[in-house]
Amino acid sequence: MNSSNLSAYEAVKDILLDLELSFHDAEGWAVRLPIYPVVGASLYNRLKQSGKIDVNGENEALALEGLARAFAEYGLAQGVNIERVGDIQCRIEVEGCALAAIDQAISGRGIEPFLCPLVNVCALFLEERLGAFVERLDQDLQPERCVHNVTIFKLKPNLTLKEVLEDSPFEWDVAKVVTD
Amino acid sequence: MDEQAIMEVIITRKSIRKYKPDPIPADVVEKLIEAARWSPSTDNAQAWRFIAVRDRNIIEQLGVVSGTGVFTRLRIQQFLTGQLQKRFKDVPPEKKAQVFKKLTSGFMSGYLGTAPLVIVVCGHKNSVAAMVYDCSAALENILIAAHGLGLGATWTQAVTSDPRDEARTKAVLNIPEDWKVISAVSIGYPGEAPGPRPRKPLEDIVYYDRWGQDKPRGGEVVNE
């Protein structure tokens, strides 16, 4: 990377940081809700159109590997590992993230980071592939490496009210929610 | 102006989520919208629209969006991370089971679909005014007016908190792209009479003159 590229990169990071801070200023941490399915959606579509990922491919593990590889090829991270953990969780490990400095700057201001476009892209992939919902569970952020866990579950958003009420999983059962 | 009556309606208002099936008369619906219409708005822009939904089929569709949307996702996330358990750790076991059942039912805010009336409040995206604040003032006026008219109501963002849920709401109601769904209020004659929800004492939430400064002991605050 030459000095002019480095300068542009730093400038873009500064702009993204300001954007994130302004989001947070406008809505607080709840900003996570409206931006989660949006920030990363264009990248996700680009990856699909470029053939870097195959959402409907037969082998899910291979598709996730392809997604992780694409992140690295785009220079978003030095290494990414995405793996399903059982039926209802997915673990996303990112090393050398290009956006880590932004998260650290936000954390340094006492704000819990609320945005990771890479996790959002993974979520969009899983949601489309599995016809499920994905929600972030927890995250472990370190300077050189972070780990995100998300949960996957299915609901029935297109049923009528009567069907939902009668078929609601009233006794809490993770497996039922996931497989319902 | 009857100060006591005004404070009474503000203080006794509660969120009501169970409704009698009786329809709301048209003139009462108009009174609710009239209360919203007189809300303050930035630059008096009034960049809002109110959709009074009375059609049972449409209300049920909104109930499905509300019930299966973002809050259900959040509750499941909170359950799996132990946040819910922590929040309810001091609740008696039988009550806890009841609450867990509701919060994880997969139908968290579905009560909206059982109301005889739903008012959906929309703000124009190109408004230079602060549409969320303006619409929120209108929403509060609707809640207060509803209570004053003997109705029960609950304000919910569940139809719009997640852009995907908002898209479903907009599709159900045929709302154009340049309008944003801010929130919805479910309204009906009360089918429940919940007790008052706790409020933090004034001294915990008020400062005088500067952040962190309590009211002077033994006297009124006086502007010098």
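User: Two residues count as in contact if their C-beta atoms, placed from the backbone, lie within 7 Å. Among contacts in chain B between residues at least 6 apart in sequence, what percentage joins residues at least 24 apart?

Analyst: Happy to start there, with a word on the model itself. This is a predicted model, in which local features need pLDDT of at least 70 and side-chain atom pairs count only at pLDDT 80 or more, while totals for chains, interfaces and linings use all residues. Residues are numbered from 1 along each chain as its sequence is written, with chains lettered from A and ligands numbered from 1 in the order in which they are written. For contacts in chain B between residues at least 6 apart, the share that links residues at least 24 apart is 82%.

User: Are H1(B) and H7(B) roughly parallel or roughly perpendicular to each other?

Analyst: Two packed helices are described by the angle between their axes and the distance between the axes. Axes here are lines fitted to C-alpha atoms, for helices over the stretch in contact, and angles run from 0 to 180 degrees between N-to-C directions. Helix H1 (residues 3–12) and helix H7 (residues 131–148) of chain B have axes 9 Å apart and meet at about 105°. Angles under 35 degrees count as roughly parallel, over 145 as roughly antiparallel, 65 to 115 as roughly perpendicular and the rest as oblique, so H1(B) and H7(B) are roughly perpendicular.

User: Which residues of H7(B) make the contact with H1(B)?

Analyst: By class, this contact has three nonpolar, three polar and no charged residues (Ala, Val, Leu, Ile, Met, Phe, Trp, Tyr, Cys and Pro count as nonpolar, Asp, Glu, Lys and Arg as charged, and the others, Gly among them, as polar). H1(B) brings B:Val9, B:Ile10 and B:Thr12 to it, and from H7(B) come B:Ile144, B:His147 and B:Gly148.
The residues asked for are B:Ile144, B:His147 and B:Gly148.

User: Is B:Ser183 buried or exposed?

Analyst: B:Ser183 is part of strand E4 (residues 179–188) of chain B. Leaving out residues up to four places away in sequence, B:Ser183 touches B:Val121, B:Leu139, B:Trp155, B:Thr156, B:Gln157 and B:Thr160. A residue is buried if 20 or more other C-beta atoms, placed from the backbone, lie within 10 Å of its own, exposed if 12 or fewer, and partly exposed in between. B:Ser183 has 22 such neighbours inside 10 Å and is therefore buried.

User: Over in chain A, which residue of E4(A) is the bridge partner of A:Val134?

Analyst: Chain A has an open sheet of four strands in the order E1-E2-E4-E3, with antiparallel pairing. Its edge strands are E1 (79–85) and E3 (133–141), each pairing on one side only. E3(A) pairs with strand E4 (residues 145–153) of chain A over eight bridges. Within E4(A), the bridge partner of A:Val134 is A:Ile152.

User: Is B:Asp209 buried or exposed?

Analyst: Most residues other than glycine have a negative phi. B:Asp209, however, has a positive phi near 70°, and lies in the segment after helix H9 (202–205) of chain B. With 10 C-beta neighbours inside 10 Å, B:Asp209 counts as exposed.

Terms used: Helix = DSSP H or I, 4+ residues; strand = E, 2+ residues; numbered from the N terminus. Pairing = 2+ DSSP bridges.
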